[in-house]
Amino acid sequence: MSRYNAQAVEPKWQKAWDDAGVFEARRNPDQPKYYVLEMFPYPSGALHMGHVRNYTMGDVVARYKAAQGFAVLHPMGWDAFGLPAENAAMERKVHPGDWTYQNIDTMRGQFKALGLSIDWSREFATCDPEYYGQQQALFIDMMNAGLVARKTAVVNWDPVDMTVLANEQVENGRGWRSGAVVERKELTQWFFRISDMADELLDAIDTLEDWPEKVRLMQANWIGKSRGLELPFQLSTPLPGHDSVLCYTTRPDTLRGASFIAISPDHPLSRALEAENADLAAFNTECRRTGTSEEALEKAEKRGFDTGLTVKHPVFADQTLPVWVGNFVLMDYGSGAVFGCPAHDQRDLDFARKYDLPVANAFHMPGETADVGTEALVPPKTETVDYVDHFAGITTTTGQEAIDATIDWMEAKGLGTGQTKFRLRDWGVSRQRYWGCPIPVIHCDACGVVPERKENLPIELPKDVTFDRPGNPLDWHPTFRDCTCPSCGGAARRETDTMDTFVDSSWYYARFTAPRATTPTEADDVAYWMNVDQYIGGVEHAILHLLYSRFFARAMQRTGHLPKDAVEPFNALFTQGMVTHETYSTPGPSGSRIWHSPDQVIRTEEGATLANGSAVEVGPIIKMSKSKKNVVDPKDIVAQYGADTARWFVMSDSPPERDVEWTAAGADAAWKHLQRVWRLADEVSQSADDPSTSEGEEALSLRRLTHRTIKDMTSDIEDFAFNKAVARLYELTGAIAKAKPSPARREAMLIMARLMTPVTPHLAEEIWQHLGQEGLISQAPWPVADESLLVVSEIVMPVQINGKRRAELSVPADATKEQVEEMALADATVQKYLDGQTVRKLIVVPGRIVNVVV
RNA sequence: GCGGACGUGGCGAAAUCGGUAGACGCAACGGACUUAAAAUCCGUUUUCCGUAUGGAAGUGUGGGUUCGAGUCCCACCGUCCGCACCA
């Protein structure tokens with residue numbers, strides 16, 4: 001008997017599938033379609049185990065649905081624009097395009113070695129002019145449909161490198177390359193008007209029934225619809241152009257406790273005062289050094305600057321409040337100004353204590369009167385509280401009712417207006433970088449900003465660029481930058497900003513339905529294939545990528561590129577966990593750690609050492625990352641064990657939504673199991689099955705298990721419970737191993753091969769052929785369980801006495817409640833425990849449990 | 001800081017509706033085969049007490065609801081993800 005040789009077998013079947021065109025998606029109106037898509041990868045240079053897991057999940061679904069008779073679309077492409085290519089260009093003097101396409105070639109090879117059922121004829125990269133040219137056409141259509149805006153936005157500016165930095169390029173307020181202190185800078189930028197669709201995107205979350213609840217919640221919170229009050233506070237002494245400060249609050253019921261006004265450093269009033277007040281100017285400059293990310297702003301120590309101005313309380317005319325500039329007030333949200341109510345907001349309270357501002361409760365918990373000390377009183381809005389001297393006469397009610405009543409009262413008095421606001425901001429898409437999709441507009445002195453003509457698309461990135469001077473090479477590339485105005489024909493300048501790479505990934509799913517079309521999409525193809533039936537990817541994309549994709553589908557629908565019913569592009573979403581690994585390190589110079597990759601480390605029960613015997617500290621199990629070197633290269637695993645082993649491992653044990661830890665022992669175990677299956681298949685192929693053995697009880701119980709496995713595994717795959725599906729295959733393998741040669745055993749083996757096909761397709765093909773079956777198992781239908789083998793006549797029920805399990809009871813499956821009660825009380829063990837005590841209550845849950853309460 | 005999740009044996013986990021906690025796998029231990037090893041096969045394996053029949057405890061911690069809680073409720077602890085220019 002030969003050992004199963006994955007290295008020889010796998011390429012053979014991959015070629016057979018290619019030759020037969022098994023995975024080419026074909027439109028067939030007589031067949032139901034199924035579109036399964038995994039989030040496409042960034043071509044970083046090598047596949048990692050996270051990819052293997054993600055794409056194997058998709059492959060299991062794709063192969064399973066194909067076996068169920070669906071016309072399956074399962075494409076692959078590359079999210080190919082982005083910063084790493086420019087970093088590589090700077091560090092290694094390679095062109096971003098060359099670097100990217102080389103990486104794609106490497107990774108495509110790794111993908112193919114995994115035996116995924118992908119229709120490679122549809123492959124594209126977002127940096128192909130064929131793709132991004134269509135994206136430019138979409139941009140122009142969106143401009144014409146009023147979905148694009150131009151306005152200012154704040155960016156991280158590195159004054160040494162003279163370039164805009166991404167948030168991740170800012171480390172402790174300094175540029176990662178130059179080390180210069182980062183400044184905030186305002187630039188005029190392009191935006192998609194996603195906030196106009198905020199309400200629609202929020203409401204439609206309810207229709208996303210097959211999305212994880214947590215993702216829907218995160219999206220809803222991100223959009224952040226709130227009803228509040230916008231109210232002006234009159235300045236005690238008006239300034240030219242400023243006679244009041246407009247504040248927005250979601251808690252107008254706390255207006256009594258207002259003790260100060262805080263405005264953003266970028267608020268027009270703050271900017272006006274800056275000119276006269278050098279100290280304020282210095283404070284504001286300092287504030288602008290904080291990063292632009294919300295996280296950085298929120299985490300920064302809360303600081304303020306007293307402007308010396310005061311405003312009148314809108315209700316209590318005798319009260320005045322000081323106006324402060326606060327580094328924690330966002331200019332982007334609401335009106336850039338808030339009133340501080342320290343008693344009912346922890347941040348305001350910290351601020352008030354720090355600057356010695358008054359603290360007054362607007363309400364207390366029922367029955368209490370003590371004012372707040374160091375902890376703000378912030379009960380849920382649904383809770384009933386006692387209001388203190390509320391101006392609208394509110395006494396005891398819930399926060400929500402008080403908010404509504406206050407808004408009504410303020411509106412009636414003309415003191416403010418109820419406003420619905422969203423946290424969601426417009427989507428800024430301008431990037432001052434080379435390696436992205438050029439924005440297809442032209443700046444003309446005579447005509448202003450005009451879109452490029454579609455017949456001139458694609459606006460291609462020029463190849464002849466270098467990265468030896470800081471900034472965007474497009475800015476000083478004469479033949480790219482200088483152009484003629486499509487409107488008047490005069491000399492003009494091309495926009496040199498490129499698009500956010502999130503734009504590229506916001507419509508690729510639609511492009512896969514007709515990747516070579518000369519328009520962004522093709523009507524018949526999108527009508528047939530859209531929507532994506534199952535989308536699979538990392539939970540880190542739960543908000544931005546998915547929200548932008550939902551926006552884009554709507555935008556494409558409005559501009560005629562998607563059918564009416566395709567506004568929600570992903571019918572079902574699955575978010576998978578990460579692949580993790582232990583970390584290994586030794587002490588480095590000055591307290592730092594030197595990280596070691598798993599293949600340099602010898603791991604034992606007690607600990608770990610390097611090859612030279614020096615001790616290695618075993619660190620926490622974290623997401624595989626290059627910086628910590630805790631990566632296992634799928635290439636090595638495939639070379640050592642074969643693709644099926646890697647696929648089997650990542651699908652077994654851990655539930656797919658949870659993180660999985662890669663261990664060498666686990667990989668080895670997976671390989672051993674597949675070898676065992678092959679040995680059993682070989683045994684079956686050599687045996688002459690005696691038909692008379694099929695009559696016996698042993699054969700019948702194997703058949704029962706086989707058909708039970710079909711049924712359970714089918715529902716496990718439908719539920720994305722791949723780890724449970726794998727466990728059932730282990731169980732069936734064990735049963736086949738124990739069985740004697742019989743037609744039942746042969747049936748079990750053939751059915752198991754079919755059930756294994758989605759996970760280990762190469763091994764399944766080899767077994768199929770070895771057992772003399774015709775055709776490819778990849779094209780064989782999914783097995784159907786024989787229902788008559790699934791019925792059970794007798795079940796075992798546990799019997800509890802006062803909630804503790806004391807006995808087991810074997811009862812006919814169709815026994816009535818009364819019969820079970822009778823049998824339970826008659827049971828000898830039960831009698832022993834009852835010991836003559838009175839039965840107070842008898843609970844029988846049919847098919848489940850009996851509980852006797854004494 | 002804000003938003004979202006997760007926590008069960010030595011390890012990865014299972015437990016579909018509130019109904020036998022630990023299926024299945026890894027590791028470990030014992031045995032068979034072998035001159036030996038590897039490979040393979042069989043068995044044991046939540047913890048504690050007990051020779052055993054058996055008993056007690058047990059799902060991050062502390063409370064609560066229930067005949068019955070890993071599952072529901074409240075509080076706390078720990079870990080992870082996102083925060084708009086990383087993808």
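Predicted model: local features only at pLDDT ≥ 70, side-chain atom pairs only at ≥ 80, totals over all residues.
Local features require pLDDT of at least 70 and side-chain atom pairs count only at pLDDT 80 or more, whereas totals for chains, interfaces and linings use all residues; side-chain values use heavy atoms, with hydrogens and water left out. Residues are numbered from 1 along each chain as its sequence is written, and chains are lettered from A, with ligands numbered from 1, in the order in which they are written.

RNA strand B is surrounded by 64 residues, a residue being near a molecule or strand if one of its heavy atoms lies within 4 Å of it. The closest are Asn-167, Arg-433, Lys-724, Tyr-833 and Asn-851. Of the atoms of RNA strand B that come within 4 Å of the protein, 61% belong to sugar and phosphate. The residues of this surface comprise 25 nonpolar, 14 polar and 25 charged.

Individual atom pairs were also computed for RNA strand B. A sugar or linking oxygen of the RNA lies 2.8 Å from a backbone N or O atom of Asn-167, and a polar side-chain atom of Asp-79 lies 2.9 Å from a sugar or linking oxygen.

Within the protein, strand 20 (residues 441-444) runs antiparallel to strand 21 (residues 448-451), to which four bridges join it; strands are DSSP runs (E, at least two residues) numbered from the N terminus, and two of them pair if DSSP finds at least two bridges between them. A hairpin of three residues connects strand 20 to strand 21, and Cys-444 has Gly-448 of strand 21 as its bridge partner. Strand 20 is also joined by two bridges to strand 23 (residues 491-494), again antiparallel, where Arg-494 is the bridge partner of Ile-442.

Definitions and conventions. Polar contact = N/O pair within 3.5 Å; in protein donor to acceptor, adjacent residues only side chain to side chain. Nonpolar A, V, L, I, M, F, W, Y, C, P; charged D, E, K, R; others polar.
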